[in-house]
Amino acid sequence: MKIVRWGIIGCGNVTEVKSGPGFQKAKNSALVAVMRRDAALAEDYAKRHNVPKWYSNAVDLINDPNVDAVYIATPPSSHKEYALLCAKAGKPVYVEKPMALNFEECNEMISACKEHNVPLFVAYYRRCLPRFLKIKELIDNGIIGMPRHVNCVLYHPFEARYDDEINLPWTVLPHLSGGGIFVDLACHTLDFLDFVFGPIKSVRGHATSQLMAYPAEDSVSMSFLFENGIHGTGLWNFGSHRRHDIVEIVGDKGKISFSTFGNDPILLEDKEGKIESFPIENPLHIQQPFIESVVQELLGTPGCPSNGVSAARTTWVIDEVLKEFRQAHLVK
């Protein structure tokens, strides 16, 4: 291959700006086909984004000889199904996060892709964003000394769209998403911490539904321990008075503070309390740098930092935290 020709399964909202245009703008990459079960919506997306082909059946897209690799951008409930079909067809797989409904499904996807010698990438794209690479650089260079602990906090108000019991978004329906907003958002933070510090080896947590507005959890607290001995805590709540998003990485010589989802500056604080600011904004098509790393690897230059094995670790952490909540609510 000189150009990787992509097909998208599930051309919904996430593909409009965050990812879809990245496949068109990345070097040596082209978006040649899209699929959505609603044929009219698939056709509309293709026309608006100048994509040559559209389908309403995923199998047809996967089997298209002009499609070299497939991006799966559906809810997690169908990630495994489509990934296995791609693997069987010999097509490299790029799947949205979270990787699957649970750790068991992740392992099935990893095994299938390994069996068919097919690369498997997962869209934890913060591993390629300049903003987050700067954070990793500061830590790797010892600017805050030896990291000791990490504290993650994300909370925001209850949103009106969750008041419609009949038309709830899939992100809070565990049979489609694997959990609630915690699963959808916290996975980004947890994966980035895995990228910086390596695997988490032990997790303890609590998950509850304080608002009882939807089937999934809306409040989660957890503590965790990395294999290298660094401690971590986290709190996520989706019924609070305002939005707040901060991760603090504390070392013996300083502290780094940043938000997982905002564009506000990275803050570096030294022992004397002096603060240095690093204003690094995310790109418009936020997945494009990651897409470029995937394309390079498919063309023979290894370097994509997120694959099935690394992504499955984050799903394992989430499973551990939600285990009791899922059992109590009969969510499998």
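# Chat about a predicted model

User: Hi! How do helix H6 and H8 pack, as an angle and an axis distance?
Analyst: Hello! Helix H6 (residues 130-140) packs against H8 at an angle of about 35°, and the axes are 10 Å apart. Please keep in mind that this is a predicted model.

User: Thanks. Which hand does the crossing of H6 and H8 have?
Analyst: The crossing is right-handed.

User: And which residues of H6 and H8 meet there?
Analyst: From H6 you have Phe132, Leu133, Ile135, Lys136 and Ile139, and they meet Phe192, Phe195, Val196 and Phe197 of H8.

User: Let's switch to ring pairs. How many aromatic pairs turn up in the whole structure?
Analyst: A search of the whole structure gives 15 aromatic pairs. In one of them, tyrosine 94 and phenylalanine 290 have ring centres 5.5 Å apart and planes at 55°, so this pair counts as tilted.

User: Where do tyrosine 94 and phenylalanine 290 lie?
Analyst: Tyrosine 94 is in strand E5 (residues 93-95) and phenylalanine 290 is in helix H9 (residues 288-298), so the pair ties together parts 196 residues apart in sequence.

User: Is tyrosine 94 buried or exposed? What about phenylalanine 290, buried or exposed?
Analyst: Tyrosine 94 is buried, at a relative accessible area of 0%. Phenylalanine 290 is buried too, with a relative accessible area of 0%.

User: Where is serine 29, and is it buried or exposed?
Analyst: Serine 29 lies in strand E2 (residues 29-35). With a relative accessible area of 10%, serine 29 is buried.

User: What's the phi of asparagine 28?
Analyst: Asparagine 28 has a positive phi of about 60°, although it is not a glycine. That deserves a look, since most residues other than glycine have a negative phi. Asparagine 28 sits in the loop between helix H1 (20-25) and E2, and it is partly exposed, with a relative accessible area of 33%.

User: Which other non-glycine residue has a positive phi near 55°?
Analyst: That would be asparagine 50, with phi near 55°. Asparagine 50 is in the loop between helix H2 (39-48) and strand E3 (53-55), and at 66% relative accessibility it counts as exposed.

User: And which peptide bond is cis, with omega near -15°?
Analyst: The one from lysine 97 to proline 98 is cis, with omega near -15°. Proline 98 lies in the loop between E5 and helix H5 (103-115).

User: New topic: what does UniProt place at residues 132-256?
Analyst: The unreviewed UniProt entry places the feature "domain: GFO/IDH/MocA-like oxidoreductase" there. Over residues 132-256 the chain is 24% helix and 35% strand, with the end C-alpha atoms 12 Å apart.

User: Last one. What does phenylalanine 325 touch?
Analyst: Not counting residues up to four places away in sequence, phenylalanine 325 touches Ala207, Thr208, Ser209, Pro215, Ala216 and Glu217. Phenylalanine 325 and alanine 207 are 118 residues apart in sequence and 5.9 Å apart in space, C-alpha to C-alpha. Phenylalanine 325 is found in helix H10 (residues 308-328) and counts as buried at 6% relative accessibility.

How values were computed. Residues numbered from 1 in each chain as written. Predicted model: local features only at pLDDT ≥ 70, side-chain atom pairs only at ≥ 80, totals over all residues. Heavy atoms only, no water. Helix = DSSP H or I, 4+ residues; strand = E, 2+ residues; numbered from the N terminus. Buried < 20%, exposed > 50% of the residue type's maximum accessible area, 1.4 Å probe, protein only. Contact = heavy atoms within 4.5 Å. UniProt positions renumbered as here; feature names shortened; annotations may be inferred. Phe/Tyr/Trp six-rings, centres within 6.5 Å; stacked < 30°, edge-to-face > 60°. Axes fitted to C-alpha atoms, helices over the stretch in contact; angles between N-to-C directions. Left-handed = near helix turned anticlockwise from the far one by under 90°.
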